[in-house]
Structures are given as structure tokens and as C-alpha cells.
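Here is a short report on one protein model with its ligands. Read it with the structure open.

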Amino acid sequence: MDFNFTEEHLMIRQAAKDFAETELKPGVIERDEKQLFPKDQMKKLGELGFLGMMVDPAYYGAGLDTISYVLALEELSKIDASAAVAMSVNNSLVCFGLEKYGTEAQKEKYLKPLASGELLGAFALSEPEAGSDATSQHTTAIDKGDHYVLNGTKNWITNGSSASIYLVIAQTDVAKGSHGINVLIVERGAEGFSIGPKENKLGIRGSDTHSLMFNDVKVPKANRIGEEGFGFKFAMETLDGGRIGIAAQALGIAAGAFEMSTAYAKQRKTFGKAISEHQAIAFKLADMATEIEAARWLVLHAAWLKDQNLPYAKASAMAKLFASEVAMKTTVEAVQIHGGYGFVKEYHVERLMRDAKITQIYEGTSEIQKMVISRSVLK
Ligand code: CAA
Ligand code: FAD
């Protein structure tokens with residue numbers, strides 16, 4: 001493993017950092033309060049190539065590696081975890097699978113506008129009664145010859161109302177269990193497809209989370225990705241990569257809270273000295289710094305394995321598990337270091353604390369990551 005970043009990695013990290021400071025920071029508190037999706041900012045991220053970072057330039061992507069991707073996500077998540085998750089879903093849950101398993105026609109029609117940021121994508125696996133237990137799909141895609149008829153409800157879908165293209169997982173043949181599941185590309189506006197109201201959330205409030213309802217939606221067979229019955233494996237493989245993105249998001253939330261806490265501790269004085277000179281505070285910062293560094297190496301390791309075409313499912317689960325726990329712990333301590341100021345919105349850390357929580361839940365809860373890791377080590 002090469003521990004040095006290339007010039008290109010450093011440039012991308014800096015570009016993401018600058019974007020976060022100039023484009024995301026102004027208005028991030030208002031977007032959180034009013035649950036506003038960062039629409040204009042996502043458009044600009046697309047123009048800068050951040051929405052199809054790892055996609056081949058032949059399909060309008062930026063042709064970068066996963067290391068670049070996690071460096072960018074970390075920087076954006078320090079400021080705005082809502083924009084970061086919208087970007088992460090488009091890159092790792094939508095573009096990745098379309099590029100790897102889509103037909104040329106699908107790539108031409110759907111991947112190009114998604115990778116260029118012209119359109120946004122969503123990934124719909126979870127259902128009201130199938131979250132962790134993802135094989136228990138109730139949404140059905142009944143085979144009607146040249147098309148499927150889709151019925152059911154998907155829950156908690158990120159980019160739910162902002163997306164134009166949805167990858168929907170559904171059961172075609174119940175008797176075949178997870179081998180009877182398909183993944184279909186559904187366009188916004190398809191007859192019988194409706195979108196529920198925006199969820200009112202604890203954190204990542206700028207991200208638009210909605211349920212999706214399908215009522216006899218006709219989806220052409222040409223919109224199935226991969227072979228018949230490939231949908232569950234597609235979802236699992238996609239999530240292996242997605243979890244690296246969420247791990248980077250969690251790392252960014254933690255690192256953002258740490259940077260703010262360090263700066264604050266150096267200037268806030270109590271009992272005649274900066275609070276950073278009280279050992280209780282200095283040691284909190286030492287613990288935060290150490291845990292963030294460990295999380296960063298797990299994230300970079302998982303990204304590096306993916307770039308080397310080596311197996312990365314266990315490494316990505318470990319990175320997500322650890323980084324999300326670090327994000328939660330670090331942000332709670334960040335609020336503590338800020339005292340009363342930490343409890344009000346202007347100081348940002350209370351938002352980061354609320355945002356951190358979701359990283360332990362979506363793209364597989366911490367318990368599910370432990371299931372993936374333990375199955376791998378016990379195999
Ligand atoms: N890659 C390829 N295939 C895989 C796989 C992987 N990583 N993991 C499992 N499979 C295959 C298995 O090999 C098996 O196939 P065979 O029968 O041919 O062997 C099939 O899939 C079924 O696997 P399991 O028997 O292991 O299935 P399970 O019911 O025990 O579930 C699980 C496994 C890991 C718990 C899975 O259900 C899971 O990941 N659950 C969490 C779901 C999740 O992460 N949802 C996230 C939704 S997206 C999201 O959240 C986005 C966002 O917020 C931004
Ligand atoms: P459950 O599966 O009901 O789990 C409840 C609790 O039980 C959890 O603590 C869980 O870890 C634990 N548990 C469950 N099974 C076990 C077990 N076998 N062993 C030990 N513990 C267990 N999904 C999408 O498909 N696409 C999206 O874009 C998307 N975006 C999301 C955005 C937000 C803001 C949220 C909140 C969710 C999103 N999700 C999305 C759904 C998310 O992936 C699920 O919420 C998550 O996988 C957990 O499923 P669940 O909510 O049904 O919880």
C-alpha cells in the first residue's frame with residue numbers, strides 16, 4: 001500500500017475543501033433548519049465532476065479512483081453531510097452498478113446524465129418491513145414478457161424527490177428467494193409511480209428522504225440490470241462500495257467536529273487559561289485525534305483495496321462500523337468541549353452530532369456490519 005497521495009489526490013481534496021467552505025458553508029444552518037435540499041450546490045458539484053467521480057470519461061465521468069472519492073467526501077462532510085450523502089448515493093449506489101453491469105444502451109441513456117450531474121439518481125432497496133433483512137422484499141416485479149409490472153412501497157429513499165432515475169430492487173420469483181430478485185431502472189414520472197412526503201428527520205435534514213410508491217408501474221425488460229435474478233447480489237455488491245462512501249462521510253463529520261473543537265479550545269478561556277490547557281479537555285482532543293486517524297486509515301485501506309481490484313467487502317464494513325462509531329463519539333465530545341455554545345446552532349457541532357447518528361444506521365446498521373465482518377472472519 002502506497003502511503004503517499006498523488007498530486008491529483010491533493011488537488012481534489014483541496015477542491016472539495018474550497019467548495020465546502022465557499023459553496024456549502026453559507027446557508028448550511030438554514031438548510032438544516034428548513035430541511036432544504038442543496039439543489040444549486042448539487043448542480044455545481046455535478047459541473048465540477050463530483051457526481052460521477054469514478055465513472056469512465058467515455059460516460060461523462062471524471063475517471064478518478066476511490067481514494068480521490070473518499071478524500072472529497074471527507075472534506076464535504078466536514079461542512080455538509082446532507083450534500084455528501086446525496087453525492088455518495090449518486091456515485092456509489094447508482095453510477096457504480098450501472099457502469100459495471102448496465103448494457104451499452106442503459107449506460108448511454110442513464111449513466112451519462114447521472115455521471116455528468118445533469119440528473120440525480122436514487123437507490124431503492126429498503127421497505128417498511130425490509131431494512132436490515134433486505135432479502136424479505138415485498139415489492140414485486142411480475143414478469144409480463146417484454147416488461148415487468150412493479151407494485152409496492154420503498155422506504156427512506158435518499159434523493160427521493162430530487163432524483164430522476166431510480167434503481168429499484170423487487171421480487172420477481174418468491175420461490176427462488178434472494179435469487180428471484182431483480183433490479184430495475186425506473187424513471188421519475190412513470191405512470192403509477194408516486195413519491196411520499198419528505199421525512200422530518202433528526203439529522204441530515206438537507207437530504208431529502210421519501211418513500212416511493214409503485215402501483216402497476218410498467219417497466220420495460222430492457223431496464224433490468226444484469227441477468228434475471230441478479231438483483232440481490234447487485235444490491236449487496238453495490239453496498240460493499242457504498243459503505244466506503246458512508247465511512248468517508250462519517251470520518252468527515254468526526255474530523256469537522258474535531259477541527260472546530262481544537263480551534264475553540266485554544267481560544268476559550270476559563271480559570272485564567274485556554275480550556276485546551278486543562279488536561280481534561282486536552283485528553284479529549286487526544287482521544288478524538290487518535291480515533292479519527294484510525295478511522296481514516298480504515299477508510300483509505302478499503303478504498304485502496306477497491307482500486308486494486310482486491311476483495312473489499314470486509315474492509316468496507318469495518319471502515320463503516322468504526323468510522324460511524326467514531327463520528328458519534330467525537331461529535332458528542334465536541335458539543336461538550338463547546339459547553340453551552342455547543343448546544344446552539346451557530347457553532348455547527350450540534351448539527352454534526354445529529355448528522356453523525358445516521359451513519360450508524362443507513363447502508364447497513366452497525367449490527368449488520370458486525371454480521372458481515374463476523375461471517376467473513378468465521379468463514
Ligand atoms: N456480494 C455479493 N453477493 C452477496 C454479498 C455480497 N457482498 N452478500 C451476500 N451475497 C449473496 C450471498 O452469497 C447469497 O447468495 P447465494 O445464495 O448464491 O450464496 C445471497 O446474496 C443472500 O445472502 P445471505 O444469505 O448472506 O443473505 P442474508 O439474508 O443473511 O442477508 C445481509 C445478508 C448482509 C444482512 C444483507 O441483508 C444486508 O446487507 N442487509 C442490510 C441492508 C442494507 O445495507 N441496506 C442499505 C439500503 S441503501 C441505504 O441505506 C442508502 C443510504 O442510506 C444512503
Ligand atoms: P431494522 O432492520 O428494523 O432494525 C432495527 C434494529 O434491529 C437495528 O438496530 C438493527 O441493527 C437491529 N437488527 C436487525 N436485525 C438484526 C440482527 N439480525 N441482529 C442484530 N441486530 C439486528 N434505504 C435505501 O434502500 N435507500 C436509501 O437511499 C436509504 N436512505 C436512507 C436515509 C435515511 C435518512 C434513513 C433513516 C434510512 C435510509 N435507508 C435507505 C434505509 C436504511 O438502510 C435502513 O433504515 C437500515 O438498513 C435499517 O433498516 P430498518 O430501518 O428497517 O431497521
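Predicted model: local features only at pLDDT ≥ 70, side-chain atom pairs only at ≥ 80, totals over all residues.

Residues are numbered from 1 along each chain as its sequence is written, while chains are lettered from A and ligands numbered from 1 in the order in which they are written.

**Domains**

The protein is divided into domain 1 (7-120), domain 2 (122-231) and domain 3 (232-378). These bounds come from an automatic or database domain assignment. The centres of domain 1 and domain 2, taken over C-alpha atoms, are separated by 22 Å. Domain 1 brings 26 residues to their contact and domain 2 brings 20 residues. Two residues are in contact if their C-beta atoms, placed from the backbone, lie within 7 Å. On the side of domain 1 that touches domain 2, helices H2 (28-34), H5 (81-101) and H6 (104-115) each give two or more residues. H5 gives the most to that side, with 11 residues. Helices (H or I, at least four residues) and strands (E, at least two) are DSSP runs, numbered from the N terminus.

An unreviewed UniProt entry annotates residues 122-217 as "domain: Acyl-CoA oxidase/dehydrogenase middle". UniProt positions are given in the numbering used here, feature names are shortened, and annotations may be inferred rather than shown by experiment. Over residues 122-217 the chain is 0% helix and 47% strand. The end C-alpha atoms of this stretch are 17 Å apart.

**Ligand shells**

A residue is near a ligand if its C-beta atom, placed from the backbone, lies within 6 Å of it. Around ligand 1 there are 23 residues, of which Ala-134, Ser-178, Met-236, Tyr-362 and Gly-364 come nearest. H5, H7 and H11 each give two or more residues to this shell. H7 gives the most, with 6 residues. Domain 2 and domain 3 each supply at least three residues to the shell around ligand 1.

Ligand 2 has 22 residues around it, and Ser-126, Gly-131, Ser-132, Thr-158 and Thr-365 come nearest. Strand E1 (121-124), strand E3 (147-158) and helix H11 (366-378) each give two or more residues there. E3 gives the most, with 3 residues. Ligand 2 lies between domain 2 and domain 3, because both give residues to its shell.

Ala, Val, Leu, Ile, Met, Phe, Trp, Tyr, Cys and Pro count as nonpolar, Asp, Glu, Lys and Arg as charged, and the others, Gly among them, as polar.

| Shell | Nonpolar | Polar | Charged |
|---|---|---|---|
| Ligand 1 shell | 13 nonpolar residues | 6 polar residues | 4 charged residues |
| Ligand 2 shell | 11 nonpolar residues | 7 polar residues | 4 charged residues |

Not counting residues up to four places away in sequence, Val-299 touches Val-70, Ile-244, Ala-247, Ala-248, Leu-251, Ala-319 and Ala-323.

Helix H10 (residues 349-358) is mostly covered, with 7 of its 10 residues buried. A residue is buried if 20 or more other C-beta atoms lie within 10 Å of its own, exposed if 12 or fewer, and partly exposed in between; C-beta atoms are placed from the backbone. Among the buried residues of H10 are Arg-351 and Asp-355. Their cover includes H2, H5, H7 and helix H9 (313-337).
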